[in-house]
Amino acid sequence: DTCPYCGRIIGNIDVKCHDCEKSIKYSFSVREISDGVVCVSPFQYNGKVRDAIRHFKFKGCKRYAWNFAFEMAKAIDLKFPLEKFSAVTPVPIYKSRKKDRGYNQAGSLADELGNILNIPSIEILEKIKNTAPQYTIKDYKERINNVQGVYKANYLCENSQERLLVCDDVVTSGATLKECVRTLKSVGFKNISCVTISNAKS
């Protein structure tokens, strides 16, 4: 295996190399997404972390999902030390983008998080409209409009006590997660929290 942050060879149970372990600072943050729903992140979106996420997302480095999920699980434990989540679900991408990329990076994170937290990873949401990537849009209102009504829930919540974890790679404006949460609440999910690798807002 290789270190996601510098490319050095690491052991298959190592999350990062010794040098990156020392140089990459754990920047735990909590962002409010909507009423009562927060997003936790272990890192800020800059430097080596930003580069590693870009390789994970755009350069086919799907194997980094475990490394990132390990760090995300630590952030979850910091914020919710006594909580037991019922399931984890990824922010979906449109089917043509998933076909081009070969995978949904959030789906890979959800699968690895599920393994670490010992909870099921379920694709509850589907993206039903192909929109411009959020990172290409700078204006907050345009970001909100860009994701409005683009998700559909394929499952109804069967137990209102279920605690659902929504995961993605980066939270920037929060518009994507906010729309996902709105869609999930519309089918009965009440107890929702979010987690990302990084927070792009300082």
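**Working through the model**

Biologist: Where does Ala175 lie?
Modeller: Ala175 lies in helix α7. Helices (H or I, at least four residues) and strands (E, at least two) are DSSP runs, numbered from the N terminus.

Biologist: What should I know about the numbers?
Modeller: This is a predicted model, so local features need pLDDT of at least 70 and side-chain atom pairs count only at pLDDT 80 or more, while totals for chains, interfaces and linings use all residues. Residues are numbered from 1 along each chain as its sequence is written, and side-chain values use heavy atoms, with hydrogens and water left out.

Biologist: Back to Ala175, buried or exposed?
Modeller: Buried, with a relative accessible area of 2%. Buried means under 20%, exposed over 50%, and partly exposed in between (1.4 Å probe, protein chains only).

Biologist: And how far is Ala175 from Asp14?
Modeller: Their C-alpha atoms are separated by 33 Å, and the two residues are 161 apart along the chain.

Biologist: Pockets next. What volume does the largest one have?
Modeller: About 660 Å³. A pocket here is an open set of points on a 1 Å grid over the protein atoms alone, where a 1.4 Å probe fits, with protein on both sides within 12 Å along at least five of seven lines. Points are joined across faces, edges and corners, and the volume is the space filled by probe spheres set on them.

Biologist: How does the lining split by class?
Modeller: It has 18 nonpolar, eight polar and nine charged residues. Ala, Val, Leu, Ile, Met, Phe, Trp, Tyr, Cys and Pro count as nonpolar, Asp, Glu, Lys and Arg as charged, and the others, Gly among them, as polar.

Biologist: Change of topic. How many salt bridges does a search of the whole structure find?
Modeller: Ten, each being a side-chain nitrogen of Lys or Arg within 4 Å of a carboxyl oxygen of Asp or Glu.

Biologist: What does Arg8 form a salt bridge with?
Modeller: With Asp19, the closest N and O atoms being 3.4 Å apart. Arg8 lies in the segment before α1 (18-23) and Asp19 in helix α1, so the pair ties together parts that are eleven residues apart in sequence. Arg8 is partly exposed at 44% relative accessibility, and Asp19 is partly exposed at 37%.

Biologist: And what about Lys16 and Glu71?
Modeller: They form a salt bridge with the closest N and O atoms 2.6 Å apart. Lys16 lies in the segment before α1 and Glu71 in helix α3 (residues 64-79), so this pair ties together parts 55 residues apart in sequence. Lys16 counts as buried at 8% relative accessibility, and Glu71 counts as buried at 1%. Lys16, Glu21, Glu71 and Lys74 are linked in a network of salt bridges.

Biologist: How far apart are Glu83 and Glu71?
Modeller: They are 17 Å apart in space, C-alpha to C-alpha, and twelve residues apart in sequence. Glu83 is in the loop between α3 and β4 (87-90).

Biologist: What links Glu126 and Lys152?
Modeller: A salt bridge, with the closest N and O atoms 3.7 Å apart. Glu126 is in strand β5 and Lys152 in strand β6 (residues 151-153), 26 residues apart, so the pair links distant parts of the chain.

Biologist: Which residues form a nonpolar patch on the surface?
Modeller: Tyr26, Phe28, Val30 and Leu78, with about 330 Å² of accessible area together. Patch members have over 30% relative accessible area and no salt bridge; like charges are joined within 9 Å, and nonpolar side chains (Val, Leu, Ile, Met, Phe, Trp, Tyr) within 5 Å. The areas come from the Shrake-Rupley method with a 1.4 Å probe, and for residues only the protein chains shown count as cover. Tyr26 lies in the loop between α1 and β1 (29-34).

Biologist: Last one. What is the phi of Asn118?
Modeller: Asn118 has a positive phi of about 60 degrees, although it is not a glycine. Most residues other than glycine have a negative phi. Asn118 sits in the loop between α5 and β5 (125-127) and counts as exposed at 64% relative accessibility.

Notes
1 Å grid on protein atoms, 1.4 Å probe; cavity = no way out; pocket = protein on both sides within 12 Å on 5 of 7 lines; lining within 4 Å.
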